[in-house]
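Here are some questions and answers for a first look at this structure. Keep the sequence and the 3D view open as you read.

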Amino acid sequence: MSSTYHCAIIEELNSLVASFRDLLIHIGKGHDNPEIRDKMRVIRKKCVERCTAANRVLMPQIRNDVAEGIPVDSQHLVNLVCCTQLLLREIQKCKLLVMAHPMDMTSFYERRPRSSGVAVLDKLILWRPPLHDYHQEELISIQRDSETVNSMLNEMLDFMPQEAGGKSLEDSFHKWRRRRKRALYGKCGYWSCFSRSSTSC
């Protein structure tokens with residue numbers, strides 16, 4: 001895969017994480033509603049999907065380089081690790097907020113049209129499935145996403161350059177940025193999730 005593609009997929013992930021974070025701000029507020037909760041779930045799933053896609057695109061080459069004794073020197077890996085760490089933080093925050101502010105999503109999901117085949121079958125056998133516990137299902141889904149992202153992050157951290165000396169990942173990122181000034185990565189230099197306001201939450 002080209003460097004441009006790597007940059008594009010990580011940039012997309014970064015934008016999705018920023019959107020997910022912005023949606024979390026609404027939880028527990030006066031304008032919190034089922035539509036926002038559903039959009040939050042959809043964006044969270046997209047974040048995990050893009051993170052997984054970026055991992056699958058980038059990590060095979062990283063693993064091959066390490067196997068051949070080539071030192072890891074990838075700006076894309078640094079960017080992806082930072083985005084993944086931020087995504088994991090927001091997913092963990094999401095779980096705590098959903099637990100603290102549960103919302104009944106039954107009417108929101110039950111009023112969605114069902115396929116005609118299922119509806120006819122229901123009428124024939126005169127049976128309806130039991131009501132879903134959407135709140136519990138959402139918590140389970142969030143936990144599963146958290147475990148998936150955490151597993152990917154742990155794998156990527158194993159390949160990160162060990163030059164931080166105990167510093168935070170953000171400090172390591174900025175130190176790495178100062179060392180790498182190549183034009184190849186210039187257009188990847190501005191990540192909304194790496195701004196001071198984003199990382200302070």
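Q: Is Pro-161 buried, exposed or partly exposed?
A: The model is a predicted one. Buried means under 20% relative accessible area, and exposed means over 50%. Pro-161 has a relative accessible area of 22%, so Pro-161 is partly exposed.

Q: How many Å apart in space are Pro-161 and Val-72, C-alpha to C-alpha?
A: In sequence, Pro-161 and Val-72 are 89 residues apart. In space, C-alpha to C-alpha, Pro-161 and Val-72 are separated by 6.6 Å.

Q: What distance separates the end C-alpha atoms of helix α3?
A: Helix α3 covers residues 75-100, which makes 26 residues. At 1.5 Å a residue, α3 should span 38 Å. The model agrees, because the end C-alpha atoms of α3 are 38 Å apart.

Q: Which residue caps the N-terminal end of α3?
A: Look for a side-chain oxygen that lies 3.4 Å from the backbone nitrogen of His-76. That oxygen belongs to the capping residue, Ser-74.

Q: How many aromatic pairs does a search of the whole structure find?
A: Phe-108 and Tyr-109 form an edge-to-face pair, with 5.2 Å centre to centre and 75° between the planes. The rings of Tyr-109 and Tyr-134 have centres 4.9 Å apart and planes at 35°, so that pair is tilted. For the whole structure, the search finds two aromatic pairs.

Q: Are Tyr-109 and Tyr-134 buried or exposed?
A: The cut-off for buried is under 20% relative accessible area. Tyr-109 has 17% relative accessibility, so Tyr-109 counts as buried. Both Tyr-109 and Tyr-134 are buried.

Q: How many residues apart in sequence are the parts that the pair of Tyr-109 and Tyr-134 ties together?
A: Tyr-109 lies in helix α4 (residues 106-110), and Tyr-134 lies in helix α6. The pair therefore ties together parts that are apart in sequence by 25 residues.

Q: Which residues do ring pairs link into a cluster?
A: At 10% relative accessibility, Phe-108 counts as buried. Ring pairs link three residues into the cluster: Phe-108, Tyr-109 and Tyr-134.

Q: How many residues of the lining of the largest pocket are charged?
A: The largest pocket holds about 180 Å³ of space. Its lining includes Arg-37, Asp-38, Tyr-109 and Tyr-134. Helices α2 (34-67) and α6 each supply at least two lining residues. The lining has six nonpolar residues and one polar, and the charged residues number five.

Terms used:
Residues numbered from 1 in each chain as written. Predicted model: local features only at pLDDT ≥ 70, side-chain atom pairs only at ≥ 80, totals over all residues. Heavy atoms only, no water. Helix = DSSP H or I, 4+ residues; strand = E, 2+ residues; numbered from the N terminus. Expected span 1.5 Å × (residues − 1). Polar contact = N/O pair within 3.5 Å; in protein donor to acceptor, adjacent residues only side chain to side chain. Buried < 20%, exposed > 50% of the residue type's maximum accessible area, 1.4 Å probe, protein only. 1 Å grid on protein atoms, 1.4 Å probe; cavity = no way out; pocket = protein on both sides within 12 Å on 5 of 7 lines; lining within 4 Å. Points joined across faces, edges and corners; volume = space filled by probe spheres on them. Nonpolar A, V, L, I, M, F, W, Y, C, P; charged D, E, K, R; others polar. Phe/Tyr/Trp six-rings, centres within 6.5 Å; stacked < 30°, edge-to-face > 60°.
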